[in-house]
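Please look over the sequence and the model shown here before reading on.

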Amino acid sequence: MKDTLSQKGWVSTLFPYTKPHWRGFSLAFILIVVVVLIDLAQPLLVREVIDRYISSSNPDIRAILRISSVYLVIVLLSFGVAWYQEILLQRIGLMIVRSIRIDLFRHIQSLSLRYFDRYNPGRILTNVVSDAEALNNFFTQFLAYMIRSLFTLGFIMIFMARLDLKMAMYCFLLVPVIVVTVIQFQRILQAANAEARRRLGLLIGFLSENLGGMSVVQMFHQETRQSRRFDARNKAYLAASLSENRRFMFFFNVTETLADLTVAALVWFGGQGVIHGTVSFGVLYAFIGYIRRFFQPISIILMQMNILQASIVAFRRIGRTFAEMPDIAEGCCRVPEPVSGAIRFEGVSLEYTPGYPVLHDIDLSVFPGDKIGFVGATGAGKSSVMNLLTRFYDVTTGVVSIDGVNIRDWPFEALRRTVGIVQQDVTLFAGTILDNVRFFRTDITAVRVREACLLVGADSFIQCLPKGYDTVLSERASTLSAGERQLLSLARVLIFDPRILILDEATSSLDSGAEEILQEAIHKVSAGRTLLVIAHRLSTVREMDRIVVLENGRIVESGTHAELLGRQGSYRRLYHAWSEQDKAA
């Protein structure tokens, strides 16, 4: 369904989502026609009463009462039918938007990290929430009003022509003027709405960024400055919205003026016809009622133009998101079972941005069960090596293989089950500790979760919490220390039993006590696994089987701690610099 969205126009792409609801749409269509016919029958009833029973030399009170009762019944019937039709369309619209939103979220999850590097969270949030809501308004408001208004216009023209063709033709001269005006203003409103939604995306992005980094804002005492920057974006959105509304209100008032001028002309010419006896008073009354009804749907359509434009812009934005394709294709080969955990980098280079390499000709062999440390200055390429092994990014040149199979050929599910990573910045989700460790997978029992937490040493602090494993965490788990969050992250990785475990500067933000606890947990869980550790503190890798030193995206040294200290090279300089910093601390 999402592929269809990316290939066709914005209207035709709605079809796959609307197709399952064709019965509901058909019923709503019939009900709209019924409501329109009931509404347009009212002026005819009034004309009948005026011409046959009120203007008559012998008025019939019973007939007037009878027709008045019929009038009341059809008004109540119109209310009931219109209410049910609107509820029906609301339900269909919400179900369609739900399907689009689910497809959109799934598609975004399938995209590579390069997509999230290009676009800020505010734009993505606007896509999933605001743009999808704009489509909801299209189905629940614009669509119903448009169908009803078009049928109303069509039937009014038929009824007016049947009442008095000459008067109807004079009124119909306005139709081309109205059509041209609508088309011209539609283009103007579309551009204005696109600009307003663009500025709304920038506003949401700025807000999302600041809420996520509020501790940094407060630490540097930048609340006032950030408030001014937020106000500037808010004013830009306000200006765009006001500009859009000014154009719309001008358009709306033009049509209202046309309606008033038409009624005035109709009273003038129709009144003369009544005086001269060529037109009955009832027909003139019905014509005035129909003219008012003729401009009502036009006004309604104009009032819904903002919704239409917002829907068009939103669907194009959603369509562009669906058109985004992952730049990392999933492999389909059978992987070796069981996985031993051997890793091989052969002539590997990586460019996040074309022409700007961050890794150069990396050659490295890691045997099953090896414990390898990666050290180097900031920006040396340590995390980039791990990004390739997890296939967050693909190599620019070269091959990365696990157990002799190129990881490009591995299915994602098998690769992510084989390679587990604990990052420096731990992400925990709103929910219980139990759900966070098992990542909301109910097929993983609470017993397995506790076994993993016991192994990493997290069970002791969890048991001290008010509700233990059922303690509900906030989205950022701010009530837990950095060390506790890292232990939960390690338990979460461990529960999926990866053969290759990556620690990406997992201890860099911890104090010495928390680091010692985590190191003990790592020692326990790494038994029988291939362990890759990116270290900020060199004490973390001192006991590794081998230490790999990177500089400017290249491997410059490799060996044990003792071997590297004896070579008078890069590692020795890093070690002495770290030792001096540690002493100063």
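## Two packed helices

A crossing is called left-handed if the near helix is turned anticlockwise from the far one by less than a right angle, and right-handed if clockwise. By that rule, the crossing of H16 and H18 is right-handed. This is a predicted model, in which local features need pLDDT of at least 70 and side-chain atom pairs count only at pLDDT 80 or more, while totals for chains, interfaces and linings use all residues. Residues are numbered from 1 along each chain as its sequence is written, and side-chain values use heavy atoms, with hydrogens and water left out.

Contact here means heavy atoms within 4.5 Å, and among the residues that meet are Cys 453 and Leu 455 in H16, with Leu 487 and Leu 490 in H18.

The search of the whole structure finds 0 disulfides. Cys 453 is in none, since the nearest cysteine sulfur, that of Cys 464, is 13 Å away, too far for a bond.

Relative accessible area (1.4 Å probe, protein chains only) is called buried under 20%, exposed over 50% and partly exposed in between. Cys 453 is buried at 0%, whereas Cys 464, at 67%, is exposed.

## A buried serine

Ser 384 counts as buried, because its relative accessibility is 8%. Leaving aside neighbours within four places in sequence, Ser 384 is in contact with Leu 350, Tyr 352, Val 358 and Leu 359.

Note on methods. A disulfide is a pair of cysteine sulfur atoms within 2.5 Å. Helices (H or I, at least four residues) and strands (E, at least two) are DSSP runs, numbered from the N terminus.
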